[in-house]
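The following note sets out a series of points on the structure shown below. Each point takes up one region or one kind of contact.

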Amino acid sequence: MEKQDLLYEGKSKTVYATNNPELLIVAYQEEKGAVNNRVSNEVMRMLERKGVPTHLVRQLSDRETVVRRVRMIPLEIIVRNVVAGTLSTLIGQPEGTRLRSPVLEYRYKAAALGNPMINRFHVFALELCTPEILEEIDRLAFRINKILRQLLLEADIRLIDCKLEFGCLPDGTVVLADEISPDTSRLWDAKTGRKLGKDRFRRDLSDTTEAYQEILDRLGRIHCE
Ligand code: ADP
Ligand code: MG
């Protein structure tokens with residue numbers, strides 16, 4: 001696998017072309033990136049085993065992973081199980097309130113606009129994807145949420161919410177892409193409520209990397225059992 005031109009430099013990852021036009025290398029930038037890389041790959045492998053298609057090919061090194069190149073759909077799909085973050089302000093309910101059923105939110109991936117929340121009518125009006133693709137995204141997002149909730153609970157972790165991104169393979173298949181990691185999920189200890197995922201560094205709490213490492217360790221343990 002040969003790393004070639006830098007294609008994109010994002011907030012947390014850098015994307016490179018490779019000698020194979022169907023494959024890309026994603027490189028995580030920061031120190032905590034090594035844990036995000038491993039957690040994301042571990043989670044995607046578990047999802048693949050449950051029949052969810054993902055872009056994962058293989059981990060190349062600590063911070064680098066080979067993925068299938070997809071046409072990204074410029075949406076962030078937020079799946080929520082418990083009220084936290086912006087939803088708390090939006091609906092005026094305290095953080096930690098359990099939602100009776102999972103909530104999906106769409107964010108338009110447009111950094112200059114601050115990734116605003118939009119609804120499906122905006123998605124179609126802006127032609128971000130077809131109704132068929134959005135339907136598939138919804139289905140996969142709920143399925144992923146269900147699998148992850150269950151899986152994390154075995155590691156004594158509550159999945160509060162997570163952010164997903166999807167893309168299309170050349171044949172049109174919708175696959176989970178980007179990352180699922182502590183940086184993109186709210187994860188609370190199931191017994192103590194201690195925050196282990198992204199609200200850790202969002203609030204500038206210290207020892208982010210250690211908390212992330214703990215998630216990785218716990219995932220490894222349920223794996224061995
Ligand atoms: P951003 O700041 O835009 O969120 P990141 O730092 O997360 O960017 O870098 C990853 C970029 O690569 C994102 O723009 C994401 O949409 C894109 N990406 C992720 N997976 C794939 C893939 N399989 N194929 C093509 N692009 C991808
Ligand atoms: Mg990103």
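1. Arg 68 belongs to strand E5. The model is a predicted one. With a relative accessible area of 30%, Arg 68 is classed as partly exposed, since the partly exposed class runs between the buried limit of under 20% and the exposed limit of over 50%.

2. Of the 5 residues of E5, 4 are buried, so the strand is largely enclosed by the rest of the structure. Two pairings of E5 may be noted. Strand E3 (residues 23-28) pairs with E5 in the antiparallel sense through 5 bridges, and within E5 it is Glu 64 that stands opposite Ala 27. Strand E4 (residues 56-61) is also antiparallel to E5, with 4 bridges; here Ser 61 has Glu 64 as its bridge partner. E4 and E5 are joined by a hairpin of 2 residues.

3. Arg 69 is found in the loop between strand E5 (64-68) and strand E6 (71-72). Its relative accessibility of 34% places Arg 69 among the partly exposed residues. A separation of 27 Å lies between the C-alpha atoms of Arg 69 and Leu 151, which are 82 residues apart along the chain.

4. How many of the residues of E12 are buried? The count is 5 of the 5, so E12 is largely enclosed by the rest of the structure. In a regular strand, side chains alternate between the two faces of the sheet. In E12, Ser 185, Leu 187 and Asp 189 point one way, while Arg 186 and Trp 188 point the other way, and all are buried. E12 runs antiparallel to E10, the two being joined by 5 bridges. Leu 159 is placed opposite Leu 187 of E12.

5. Side chains of opposite charge can pair when their charged atoms come close. The total is 21 salt bridges. One of them joins the side chains of Arg 80 and Asp 161, with an N to O distance of 3.5 Å. Arg 80 is in strand E7 (residues 75-82) and Asp 161 in strand E10 (residues 157-168), so this pair ties together parts that lie 81 residues apart in sequence.

6. Lys 191 is exposed, having a relative accessible area of 67%, whereas Asp 156 is partly exposed at 31%.

7. Asp 178 and Lys 163 also form a salt bridge, their closest N and O atoms being 3.1 Å apart. Asp 178 is in the loop between strand E11 (174-177) and E12, and Lys 163 is in strand E10, so the pair ties together parts that are 15 residues apart in sequence. Lys 163 is buried, with a relative accessible area of 10%. Both residues take part in a network of salt bridges that links Lys 13, Lys 109, Lys 163, Glu 165, Asp 178 and Glu 179.

8. The number of aromatic pairs is 0.

9. The final point concerns the surface. Which residues form a nonpolar patch there? They are Leu 90, Ile 91 and Met 117, which together have about 280 Å² of accessible area. Leu 90 is part of helix H2 (residues 86-91). With a relative accessible area of 55%, Leu 90 is exposed, because the exposed class covers values over 50%.

Methods:
Residues numbered from 1 in each chain as written. Chains lettered and ligands numbered in written order. Predicted model: local features only at pLDDT ≥ 70, side-chain atom pairs only at ≥ 80, totals over all residues. Heavy atoms only, no water. Patch = residues over 30% accessible without salt bridge, like charges linked within 9 Å, V, L, I, M, F, W, Y side chains within 5 Å. Areas by Shrake-Rupley, 256 points an atom, 1.4 Å probe, with all protein chains shown as cover. Salt bridge = Lys/Arg side-chain N within 4 Å of Asp/Glu carboxyl O. Buried < 20%, exposed > 50% of the residue type's maximum accessible area, 1.4 Å probe, protein only. Phe/Tyr/Trp six-rings, centres within 6.5 Å; stacked < 30°, edge-to-face > 60°. Pairing = 2+ DSSP bridges.
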